[in-house]
Amino acid sequence: MLTGPLSRAARALVELTREQLATQCGLDVEAIRAFERGLGELDARQKAGLQAALEAAGAVFIPENGGGAGVRLKFTRSETRRLSVLESEGGIAADDDVP
């Protein structure tokens, strides 16, 4: 479930201003500001539109899983390929003798 603090965090991660986000999701800037500050509420349709716009910009919302709900950035395809290459480097794995 999208909350104001999660929206604010996601917006910061994907580097969108409230004005840019408002344009993308069709909400008023003041409605987004009030929601993020806990001074106003959005209905289910408005929250869904806000979340969809943030996800389209690269945010991934993590559901409550015992550690709390959260948000992170989505890896792009090129980042995923690069991580795969990096994880495949290094040769044979062995035990370290480091004390």
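Lys 47 sits in helix 4, residues 44–56; helices (H or I, at least four residues) and strands (E, at least two) are DSSP runs numbered from the N terminus. Leaving aside residues up to four places away in sequence, Lys 47 touches Met 1, Leu 2, Phe 35, Glu 41 and Leu 42, a contact being heavy atoms within 4.5 Å.

I note the basis of these entries here: this is a predicted model, in which local features need pLDDT of at least 70 and side-chain atom pairs count only at pLDDT 80 or more, while totals for chains, interfaces and linings use all residues. Residues are numbered from 1 along each chain as its sequence is written, and side-chain values use heavy atoms, with hydrogens and water left out.

I then went through the chain as a whole, which has five helices and two strands, running α-α-α-α-β-β-α from the N terminus on. Of its 99 residues, 27% are buried, and among contacts with a separation of 6 or more, 47% join residues 24 or more positions apart.

Next I turned to the largest nonpolar core, which holds 19 residues, and noted that Leu 21, Cys 25, Ile 32, Leu 50, Leu 54, Ala 59 and Phe 61 touch the most other members. At least two residues of this core come from each of helix 1 (4–13), helix 2 (18–25), helix 3 (29–37), helix 4 and strand 1 (59–62). For the term itself, a nonpolar core is a set of buried Ala, Val, Leu, Ile, Met, Phe, Trp, Tyr and Cys residues joined through side-chain atoms within 4.5 Å.

I followed two of these residues further. Ile 32 is found in helix 3 and counts as buried at 0% relative accessibility; beyond residues up to four places away in sequence, Ile 32 touches Arg 18, Leu 21, Ala 22, Cys 25, Leu 27 and Leu 50. With the same exclusion, Cys 25 touches Ile 32, Gly 49, Leu 50 and Ala 53.

I checked the helix pairs as well. The axes of helix 2 and helix 3 come within 9 Å and cross at roughly 115°, the axes being lines fitted to C-alpha atoms, for helices over the stretch in contact, with angles from 0 to 180 degrees between N-to-C directions. That makes helix 2 roughly perpendicular to helix 3, since angles of 65 to 115 degrees count so, those under 35 as roughly parallel, those over 145 as roughly antiparallel and the rest as oblique. In this pair, Arg 18, Glu 19, Leu 21, Ala 22 and Cys 25 of helix 2 meet Val 29, Ile 32, Arg 33 and Glu 36 of helix 3.

For helix 1 and helix 3, I found that the axes come within 6 Å and cross at roughly 115°, and the two helices are therefore roughly perpendicular to each other. Gly 4, Pro 5, Ser 7, Arg 8 and Arg 11 of helix 1 make this contact with Phe 35, Glu 36 and Arg 37 of helix 3.

Last, I looked at Glu 15, which lies in the loop between helix 1 and helix 2 and counts as exposed at 69% relative accessibility. The phi of Glu 15 is near 60°, a positive value in a residue other than glycine. Most residues other than glycine have a negative phi.

Key
Buried means under 20% relative accessible area, exposed over 50%, partly exposed in between (1.4 Å probe, protein chains only).
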